[in-house]
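Hi there,

Here is the structure I promised to pass along, together with some notes to read beside it. Have a look at the sequence and the fold before you go on.

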Amino acid sequence: MKLSKLFNNPTNEYRIAPFYFLNHDLKEEELLRQINEMSEKGIGGMVLHARHGLETPYMEEPWLKAIEFIISECKKRKMIVWLYDEDNWPSGTHGGELTKNNPSYRMRHLRIEQVNITNKINNIRLESNDSLIAAFACNVNLDTQKVKEYTRIKQEDLESFSSIDSPYNKIILCYERVIDEKITFNDGYYLDTMNKDAVGEFIRLAYLPYERFTKYFGNTVKGIFTDEPSIMGHEGFFGNKALNTNIEDVNAILPGDILPWTNDFDKHFRKHRDYLITDYLVALLFDIGEKTNKIRDDYYQVITTLYKSNYHEQIAKWCHDRNLQYIGHTTEDPLWGQVRTQGNQTKVLSTFDCPGYDYLTAGIGSKENPHRIIAAKCASSISIVNNNNRVLCECFGGAGHENTIESRMIDANFMAILGTNLFIPHAFYYSFAGYRKTDWPSTDFYHAPFWEYYKEFADYLARLSVISSLPNHIVSIAILSPITTIYNEIFDKGKGNMKLESDMLFSFVSDRLLRYQRDYHYLDESQFHEYYLKDSKLFLNQKNIGYNTIILPGCKIIYEETKDLLIEFLNNNGKIIMLSNIPKVFGKDEKYNSELYIFLIEHKNVFLIKNDNDLESNFINTIISETKAQLMVTENEQLSEGIVCSKRTHENMTIYEIMNISDDDKTIKMTFSSSDLYNWNLRSGVIEKIDEVNDCSIVKTFIKGTLIVISEGMDEAVQLESNYIEQNHMSIETIKKIDINETDFTFSIKDENVLPLTKWQVELDGIGINKSEKPKVGQINIWKTSFIINDIPNTLKLILDTVKQRIPAHHGFLGKKRSMEIYINKHKLEVMKSSTWQDIYYLEKDILPYVKKGENELHVETISLLEPMHEFNYPGYVIGDFSLDNLQISKKTTHLNTYWTEEGYPYYSGIGVYSTSFILNKKSNREKYILVIEQIKDGAKVIINQQEMPILLMKPYQIDVSQQIMEGNNQLIISVFNSLDNLYNRRKKESGLNGKVYIEISTY
């Protein structure tokens, strides 16, 4: 298929595949409805993810039948299914059951505790829950914190070494520690991911049951997703101390520092190295002399090898043997965190068929905090170097109910320009009932107000994926990961160091190169085993990517093989930019490194930039003078900062993705190598020739966060028109405007308005609403609230979230009551039915017959005998066709002066419809008519004269309506949607239209 046709209508391979949170009692009828909804909205597939709230027993027959039903329905629609290997996350524990039932498979840590020897005998307390594997008496220089001498001692000899008469001043205690409970869900422990047998048991429990779906493998079912496995769990990612959680002290930590470990690690280590690591554990925290660097490097290398081979390669082999891909993500940035939880991330991600990363919360980072880049670039660099071509991102999670489509689009633009081409939104919730809605929202599914218009967004992401999947990524710069340096500096002078210079310089370089249109790949020293040099460029195992510049950000230690490569690279006229220092060669003496230093510092192609107050300017000046931009971008005759460019080739075309990541809108000049330029409209799928080209240059106004795609050349003749205005509309000559006053709009809401019921009075063991119904035995709890009605609406329903009315045990003794009875103004309601609003697992009841003007009382009784009391934990809602006046139910508001949030609909999450008409006296074929809406919160669909226009998801809110507008009277409808923030966070977030709406008339 021609790229232009694929771009216009992407196949499911490029469409989003969300986490489908299977989190309730899975019913085929509801699954079918939801699958149809996804298919209709342009969803290409899904990751089937068991999640909090699941009531269908995980991995038992009902679960497997539900999974097969989903797969079979997806096959009918040619949708792609990815299985997920865990009940919740992180992957590895089978919902916590594996590690609870197999204590030997629980994750281990190495905990190293330091005890200072004072002027009297110390009582050295050994932790009873940890196993002492080594102890050392050390003489530590108090000024340099270097170990002058040390000796390994037996446990029974500890006291004799801990006195002032001893030549030693510090005792080092090294424990093997099983991590705490509740490090994963269901009160479980995390898995020892370096233990081959433990991972084998995980495969048996989490993978083997899916073999019943073999007929779907490799076609409908493409692979299996593993989620956030690690060698340290989240303990290691957020610090270097061991949590010791208990009810008495929630801030408790164990003394000392923790590092990765596994059962029988000493034996495993000896197989890979020629010594016992337990004889040298002091070196992991302190400088013990010339052996220190080697011991630390050996330790992390072996850790990585065990983790990679026993977890990732073992699972990948299982998948590949069954024609499945192994996909997923680990834990990512910063580099400090990568080392703690993954060892060498490059080696680990290289096992994936589709490496990925996690993009939690909204926002694309900043110059001061550019960490967003590292995870994406790490995954995309590995994918390109390894010829995988696909990069996934688990995206939008943790951004909250307030997350808008515009925010999602900005984040997606950033992910795509960094190489992402498989978007996995976190998440589509099967149900939002109860606490499920708090599970790292936002949701992109049917609960959200924008769901009706979601296909436009899904198409946009699919087109981003098509462009970002083009394999010929053109870069000339490589950044060498300082991972070896981090191995050796992650602990300094006996303390954990979370702010390493090399880590910060790595982030700095990653950000600044992008801001000045210099794209790059990350490289790791482990990838240098196969390379060649040609025409002053370094090539790895992909012939069309050659690097003529290598940047070393704070690399203080490199391997000798890397040194040889760099010198050969320099002799082949390559360029090297070093930040902060010239590295030393691993394991070489001072003389050797001094000679290397002199060679490098005097070489004409080596540029050393000191980490000082001039770092920013010196680095920018160096890259501008010594490297070539992907695209020449200027602003007011100066190089523009904050415009990112990714460049790819396909057949006879060069294709650019260009994004404004700065904090401001920019008008820039872009100079290409050809004047035959085409604009690929991501929203419409239309490709248009750009006519306004002057000497291969065009001028564009970029709103911050926006991304455009421009090609030099085209794969076939395409000339179509689009109603979208991608950037600010700039008229050659504006003749006039037709103002459409905001007060002229008639307003209505598409769904029911909502009054949340959050304030309740509670009476425990009450006597009931009707005393005559009080049972002789059992207990009644009473929940009471009220609401005021000024005007009786046409519709009014009560919604309750996560309640179950049932017949309790000993029904007769309880006065023939249900487990929950609901009363409006003391009138007992009939049993509530499944809700048609928001979620079928909510319950609803028409209460219009029972309400009155004035105050209305709502009582909920829960009743129990010899059973747990029914819980009533979540807000109720009154919904209907009303507006709220000071939170009192009143007549609908039909005309607004500002956002609907301020005029009767403060908690409404849905679609507000603005309708009006305007008159065009005369229409000319020589004029262009642009509908301009100054402010929309959060997005909108426009219908003019009964013709639907494209969805407005982000700025600019402008549409070309030249074909739709007509002389005389014109009808205009603007349907605006907001987010779930108003409903579930109960914040009066601005929603609707504000500012001017007008038709701008201009000449061609």
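Below is what I found, starting with the whole chain and then moving to single places.

Please keep in mind that this is a predicted model, and that the numbers are computed from its atoms.

**The whole protein**

Along the principal axes, the C-alpha atoms fill a box of roughly 90 × 90 × 55 Å. The secondary structure consists of 19 helices and 57 strands.

Of the 1004 residues, 61% are buried. Counting contacts with a separation of 6 or more, 79% are between residues 24 or more positions apart. The accessible surface is about 39400 Å², and carbon and sulfur atoms hold 46% of that area. As for charge, I count 112 positive and 137 negative side chains, with the centres of the two sets 2 Å apart.

**Helix α5**

Helix α5 covers residues 196-206. Its buried residues are Ala198, Val199, Glu201, Phe202, Ile203, Leu205 and Ala206. What covers them? The cover includes the strand β3 (80-87) and the helices α4 (97-101) and α8 (292-320). At the start of α5 there is also a detail to look at on your screen: a side-chain oxygen of asparagine 195 comes to within 3.0 Å of the backbone nitrogen of aspartate 197.

**Arginine 408**

This residue sits in helix α12, which runs over residues 405-417. Is arginine 408 buried or exposed? Its relative accessible area is 1%, and because anything under 20% counts as buried, arginine 408 is buried. Which side chain does arginine 408 join in a polar contact of 2.9 Å? The partner is the side chain of aspartate 444. Leaving aside residues up to four places away in sequence, arginine 408 touches Phe396, Asn403, Ser442, Thr443, Asp444, Phe450 and Phe457.

**Backbone details in the loops**

Most peptide bonds are trans, and most residues other than glycine have a negative phi. Here are some places that depart from this.

- The peptide bond between histidine 426 and alanine 427 is cis, with omega about 15 degrees. Alanine 427 lies in the loop between β13 (422-425) and β14 (428-429).
- Lysine 955 and proline 956 are also linked by a cis peptide bond, with omega near 0 degrees. You will find proline 956 in the loop between β54 (947-952) and β55 (958-960).
- Asparagine 825 has a positive phi, near 50 degrees, and is placed in the loop between β43 (820-824) and β44 (827-828). Asparagine 825 has a relative accessible area of 23%, so it is partly exposed.
- Glutamine 838 has a positive phi as well, near 70 degrees, and belongs to the loop between β45 (833-834) and β46 (842-846). With a relative accessible area of 15%, which is under 20%, glutamine 838 is therefore buried.

Happy browsing, and write back with any questions!

Best wishes

Note on methods:
Residues are numbered from 1 along each chain as its sequence is written. This is a predicted model: local features need pLDDT of at least 70, side-chain atom pairs count only at pLDDT 80 or more; totals for chains, interfaces and linings use all residues. Side-chain values use heavy atoms; hydrogens and water are left out. Buried means under 20% relative accessible area, exposed over 50%, partly exposed in between (1.4 Å probe, protein chains only). Helices (H or I, at least four residues) and strands (E, at least two) are DSSP runs, numbered from the N terminus. Contact means heavy atoms within 4.5 Å. A polar contact is a pair of N or O atoms within 3.5 Å; within protein, one must be able to donate a hydrogen and the other to accept it, and residues adjacent in sequence count only if both atoms are side-chain atoms. Accessible areas come from the Shrake-Rupley method with a 1.4 Å probe; for residues, only the protein chains shown count as cover. Lys and Arg count as positive and Asp and Glu as negative; His and the chain ends are not counted. The place of a charge is taken as NZ of Lys, CZ of Arg, CG of Asp or CD of Glu.
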